[in-house]
Amino acid sequence: MVGRKNMGRASPFVLVLLTLGFFFATYNLITVIIHNRYGVLNGLDFVDPVTRLPYDELTTWTNPFARYHVALTATDAVYSQWQCRIMYYWYKKVREMPGSGMGGFTRILHSGKSDSLMEEIPTIVVDPLPHGLDRGYIVLNRPWAFVQWLEKATIEEDYILMAEPDHVFANPLPNLAYGEEKGPVSNIDPIGNSPVIIKKSVLEEIVPTWMNVSLRMKDDPEADKAFGWVLEMYAYAVASALHGVKHTLRTDFMIQPPWDQEVKSYIIHYTYGCDYNMKGKLTYGKIGEWRFDKRSHLRAPPPKNLPLPPKGVPESVVRLVKMVNEATANIPGWDSL
């Protein structure tokens, strides 16, 4: 049940969250792994520094129980569709590489009806929130979509990677969550909900709370104003803490151009616009002579063969554009959306 707060004074709920917020790093810059209860092999070389497992044990090739299911939520808008197509292209390519821990893939479509990508991308259709409940904040449908998916889907893997349409896999991603459980925590971890690799059974416990906390925060005017577009991400952190879930953070999980300049990660997240002049200087906040910004393509997919950045632009931006170009060149009917 969703209740409103008294607008005449600061709510204790908001004050607590605001205090915690000062200790939070931006969710996109943080990487998350949840450790679960499995035996750890000792005395072997080339172990993962966090899970303490040999890398071979983290791959689908040697241990089917270590596979994770890739899941992302999406709408039927063209803007969401073209990102999902690129993301799925790189999932299929990287899944087959040595070192990958990927299992199945699901696009959780929370538009309540099928769309044109049903045959191209493995998809399950779920309902959006009741009309008006999201108050124009469409991302609030994300936890509700996960609740429905976990209830109705048959998921073979024991682990789930929560991802987003604007993620591309730059390198084979093992199941970094396959390791030793570290136990509960008493405070809130500085994380959001994506990317996260988590045990399926743990996620099933968290998601109803995540949904309810998100709705409660959105219903509180002060919380809504304080957290804005990252509200449901903070709600995930609160929900996880309420269930005593411990997260381990990894800086090599994901990068975000243009701020992260080297590709020493598994995922590239292109949430920010990349604007440069022709001398390769970043002009963030001002439209550059050269630019790549997903928001430039709200109503139609980006064209094939985008021009590469000028000399001097960081490797991360160059790599991203090359990956987008490769995907659009190889996805059948790219211009058909």
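Two strands pair if DSSP finds at least two bridges between them. Strands here are DSSP runs of E with at least two residues, and helices are runs of H or I with at least four, numbered from the N terminus. Keep both in mind.

Now, the model. This one is predicted, so I'll be careful: local features need pLDDT of at least 70, side-chain atom pairs count only at pLDDT 80 or more, and totals for chains, interfaces and linings use all residues. Residues are numbered from 1 along each chain as its sequence is written, and side-chain values use heavy atoms, with hydrogens and water left out.

Start with a sheet. Three strands make it up, in the order β6-β10-β9. The sheet is open, and its pairing is mixed. What stands at the edges? β6 and β9 do. Each has a single partner strand, so one side of each lacks a neighbour in the sheet. Look at β9 and β10. They run parallel, joined by two bridges. Met 254 sits opposite Ile 267 in β10. In general, strands of a sheet pair through backbone hydrogen bonds, either parallel or antiparallel.

Next, helix α7. It has 16 residues. The expected span of a helix is 1.5 Å times one less than its number of residues. Which residues of α7 are buried? Among them are Val 317, Leu 320, Val 321 and Val 324. Buried means under 20% relative accessible area, exposed means over 50%, and partly exposed is in between, using a 1.4 Å probe and protein chains only. The buried residues of α7 pack against α2, β6, β9, β10, β11 and β12. Contact there means heavy atoms within 4.5 Å.

Most residues other than glycine have a negative phi, and most peptide bonds are trans.

Two peptide bonds to point out. Ser 194 and Pro 195 are joined by a cis bond, with omega about 0°. Pro 195 is in the loop between β6 and β7. Pro 258 lies in the loop between β9 and β10.

Then phi. Arg 135 is not a glycine, yet its phi is positive, about 50°. Its loop runs between β4 and α3. Arg 135 is partly exposed, at 42% relative accessible area. Asn 305 has a positive phi too, near 55°. Asn 305 is in the loop between β12 and α7. Is Asn 305 buried or exposed? Exposed, at 67% relative accessibility.
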